Amino acid sequence: MFGKYSEQLHELGWNIIPVHGKRPLITYWSQYSDIPPSKSEIREWCNRYALENIGLVLGGMSDIVAIDIDVDDEDRAKDLRALAEQTFGESPIVRYGRHPRLVMLYRGMQIRTSVGPVEFLSTGRQVVIFGQHPLTKKAYYYEDFSPLQYEPLDLPLINQHDVTKYRSLVQQYLPITYKNGNGQPIGDTDFFDAL
């Protein structure tokens, strides 16, 4: 997969790296949030990792933020997405790996926060945008548009005020017994201010 789309994605301005499953294959991959890989690096990775997945490096100079909604109930996943769209506007890029779990791409400040099964990913993180999901063994897919049709600057902007508002809406929406990834009640989630 990396060999198929990487050069086009690089030309559009996406900071990409090769990943195996969800694991980066580049040792110092997080540096690419501030400095995009060079054309020669992309070509080298194409030769070495042509069949591997493509990871998108988040945050840094690109300010790409991924909202990761890890909910297995389809109605809840749709509702959490709708709350995000009401708060931040619609993202043109919505990626699925293990349906109904989804990732929405936005642009804005560098932030890391989570509330229950919803996590904002930015600097120091990456998400797979093309390839095969390691559990389902099926291809990641997009609802309408993929990063092949957009440049990073085309993504809607989000801000701290709206993130706080969305966190509150998610807490109100989910049942109090809903557990986060650590098995803690939803009220005990971590919050990190903008970096």
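Exposed here means over 50% relative accessible area, and buried means under 20%, with partly exposed residues falling in between; these terms are applied below to a predicted model.

**View 1. The two sides of helix α3.** The face of α3 that is turned away from its buried side carries Asp 75 and Gln 86, both of them exposed residues. The buried residues of this helix are Ala 77, Leu 80, Arg 81, Leu 83, Ala 84, Thr 87 and Phe 88. Seen down the helix axis, the buried residues of α3 fall within an arc of 155°, so they line one face of the helix. Among the elements that cover these buried residues are the strands β4 (64–69), β5 (94–96), β6 (102–108), β8 (118–121) and β11 (157–158), together with the helix α4 (160–173).

**View 2. The length and the ends of helix α3.** At the start of the helix, a side-chain oxygen of Asp 73 reaches to within 3.1 Å of the backbone nitrogen of Asp 75. After α3 comes Gly 89, which has a positive phi, near 90°.

View 3. Pro 100 is found in the loop that runs between β5 and β6. The peptide bond leading from His 99 to Pro 100 is cis, and its omega is near 10°.

View 4. Asp 63, found in the loop between β3 (53–57) and β4, has a positive phi of about 60° although it is not a glycine. With a relative accessible area of 25%, Asp 63 is partly exposed. Lys 137, which is found in the loop between β9 (126–130) and β10 (141–142), is likewise not a glycine and has a positive phi of about 65°. Lys 137 has a relative accessible area of 53% and is exposed, because the cut-off for that class is over 50%.

**View 5. Gln 31 and Thr 123.** Gln 31 lies in the loop between β2 (23–24) and α2 (39–49), and at 41% relative accessibility this residue counts as partly exposed. Although Gln 31 and Thr 123 are 92 residues apart along the chain, their C-alpha atoms are separated by 9.7 Å.

Conventions
Residues are numbered from 1 along each chain as its sequence is written. This is a predicted model: local features need pLDDT of at least 70, side-chain atom pairs count only at pLDDT 80 or more; totals for chains, interfaces and linings use all residues. Side-chain values use heavy atoms; hydrogens and water are left out. Buried means under 20% relative accessible area, exposed over 50%, partly exposed in between (1.4 Å probe, protein chains only). Helices (H or I, at least four residues) and strands (E, at least two) are DSSP runs, numbered from the N terminus. The arc is that of the directions from the helix axis to the C-beta atoms. Contact means heavy atoms within 4.5 Å. A polar contact is a pair of N or O atoms within 3.5 Å; within protein, one must be able to donate a hydrogen and the other to accept it, and residues adjacent in sequence count only if both atoms are side-chain atoms.
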